[in-house]
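User: Hello! I am new to this structure and would like to learn how to read its features. Could you walk me through them?

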Amino acid sequence: MQIILYLSAALIAIAFFVLVIYLSRTLKSLQVTLTSVSHTLSGLEKQLDGVTTETTLLLQKTNALAEDIQQKSESLNSVVAAVKDVGTTVTRFNGTLQNISHSVDQQVEESKEKISQIVQWGNILLELKEKWQSRKQSKQEVSVNERQRVRSH
């Protein structure tokens with residue numbers, strides 16, 4: 001019975017030795033894996049530093065661009081206000097022209113009768129002038145005829 005006990009103890013010792021060898025290999029493999037992970041994390045840290053630097057530069061450029069857009073927007077607002085003022089001025093000018101046109105139309109309408117009378121008086125004066133000229137010419141012809149008669153006699 002003692003032999004079984006020794007054999008059992010030897011078997012346990014061999015099993016424990018095999019277990020230690022496998023654990024040792026596993027731990028060595030784990031050490032290689034952890035070293036690889038450590039190198040990978042170092043590379044990622046360097047890349048993350050680069051990304052952080054680029055992100056900072058991009059944020060600065062974005063802020064500068066936003067400020068530029070703000071300034072241009074304010075400038076554009078003044079241009080829009082100026083165009084609006086021009087539109088208002090043109091509208092007022094058109095209104096003034098319409099008022100003047102309406103006023104002239106009213107005055108012409110009110111003066112139609114007077115204008116008609118002036119035209120009639122003008123026609124009468126022209127007729128009188130023509131009659132006066134024709135009488136004057138007739139008198140001159142008569143006078144010339146009389147002179148010729150006097151000379152011929």
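User: Is D68 buried, exposed or partly exposed, and what do those words mean?

Analyst: Buried means under 20% relative accessible area, exposed over 50%, and partly exposed in between, with a 1.4 Å probe and protein chains only. D68 has a relative accessible area of 30%, so D68 is partly exposed. K72, at 52%, is exposed. Bear in mind that this is a predicted model, where local features need pLDDT of at least 70 and side-chain atom pairs count only at pLDDT 80 or more, while totals for chains, interfaces and linings use all residues. Residues are numbered from 1 along each chain as its sequence is written, and side-chain values use heavy atoms, leaving out hydrogens and water.

User: Which side chains meet in a salt bridge?

Analyst: A salt bridge is a side-chain nitrogen of Lys or Arg within 4 Å of a carboxyl oxygen of Asp or Glu. Here the side chains of D68 and K72 form one, at 3.3 Å from N to O. A search of the whole structure finds 1 salt bridge.

User: Where do D68 and K72 lie?

Analyst: Helices (H or I, at least four residues) and strands (E, at least two) are DSSP runs, numbered from the N terminus. D68 and K72 both lie in helix 1, residues 2-152, and are 4 residues apart, about one turn of the helix. The protein chain has 1 helix and 0 strands.

User: How many of the 153 residues count as buried, as a percentage?

Analyst: The figure for the protein chain is 0%. V18 lies in helix 1 and is partly exposed, with a relative accessible area of 36%. R135 also has its place in helix 1, and R135 is exposed, at 59%.
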